[in-house]
Amino acid sequence: QVQLVESGGGLVQAGGSLRLSCAASGSIFSINDMGWYRQAPGKQRELVASITDGGRTNYAGSVKGRFTISRDYAKNTVYLLMNSLKPEDTAVYYCNAVVRDTPRLSLRNYWGQGTQVTVSS
């Protein structure tokens with residue numbers, strides 16, 4: 001079993017910054033992609049940013065230039081630095097990881113429990 005534990009959410013004023021962290025632990029052989037998704041009330045979950053095991057990044061158009069995803073491969077941790085936050089960034093943010101777990105070396109998709117980010121105007 002693999003666990004993803006997120007931290008760093010909270011309440012911030014518009015224009016402020018937050019840094020989210022997500023640490024993966026458990027029966028991990030290797031991790032492929034890691035990423036962040038978000039879901040606002042009444043909306044579908046959407047991709048915010050992702051990073052491959054090779055370090056290639058991908059961002060939603062709405063956050064490009066404001067958010068930065070990074071990864072500590074030794075710690076199995078992914079980060080999301082969010083700058084210039086806007087009220088429309090308010091959502092529950094979920095960590096995602098595509099993990100090859102042990103002992104069967106199966107490739108599976110895992111999710112964190114979610115962390116609330118609220119941006120006040």
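R38, E46, R66 and D89 are linked in a network of salt bridges, a salt bridge being a side-chain nitrogen of Lys or Arg within 4 Å of a carboxyl oxygen of Asp or Glu. The model is a predicted one, in which local features need pLDDT of at least 70 and side-chain atom pairs count only at pLDDT 80 or more, while totals for chains, interfaces and linings use all residues. Residues are numbered from 1 along each chain as its sequence is written, and side-chain values use heavy atoms, with hydrogens and water left out.

The protein has zero helices and 11 strands; both kinds of element are DSSP runs numbered from the N terminus, with helices (H or I) needing at least four residues and strands (E) at least two. Along the sequence, the pattern reads β-β-β-β-β-β-β-β-β-β-β. The radius of gyration is 14 Å, close to the 14 Å that the globule rule gives for 121 residues, so the protein is as compact as a globular protein of that length. Here the radius is taken over C-alpha atoms, and the rule is 2.2 Å times the number of residues to the power 0.38. Along the principal axes, the C-alpha atoms fill a box of roughly 50 × 25 × 20 Å.

Next comes the question of what is covered and what is open. Of the 121 residues, 41% count as buried, where buried means under 20% relative accessible area, exposed means over 50%, and partly exposed lies in between (1.4 Å probe, protein chains only). The protein exposes about 6,400 Å², and carbon and sulfur atoms supply 47% of this area; the areas come from the Shrake-Rupley method with a 1.4 Å probe, and for residues only the protein chains shown count as cover. A contact means heavy atoms within 4.5 Å. Among contacts with a separation of 6 or more, residues 24 or more positions apart account for 55%.

With this picture in place, the charged pairs can be followed one by one. The structure holds four salt bridges. In one of them, R38 pairs with E46, and their closest N and O atoms are 2.7 Å apart. R38 is buried, at a relative accessible area of 7%, whereas E46 is partly exposed at 35%. R38 also forms a salt bridge with D89, with 3.0 Å between the closest N and O atoms. This pair links distant parts of the chain: D89 sits in the loop between strand 8 (77-82) and strand 9 (91-101), and R38 lies in strand 4 (residues 28-39), 51 residues apart. Both D89 and R38 are buried. Another salt bridge joins R108 and D101, whose closest N and O atoms are 3.6 Å apart. Here R108 is partly exposed at 43% relative accessible area, and D101 is buried at 5%.

Y93 is found in strand 9 and is buried, with 0% relative accessibility. Leaving aside residues up to four places away in sequence, Y93 touches several residues, including W36, R38, F67 and M82. K43, by comparison, belongs to the loop between strand 4 and strand 5 (46-51) and is exposed, with a relative accessible area of 59%. K43 and A91 are 48 residues apart in sequence, and their C-alpha atoms are 9.5 Å apart in space.
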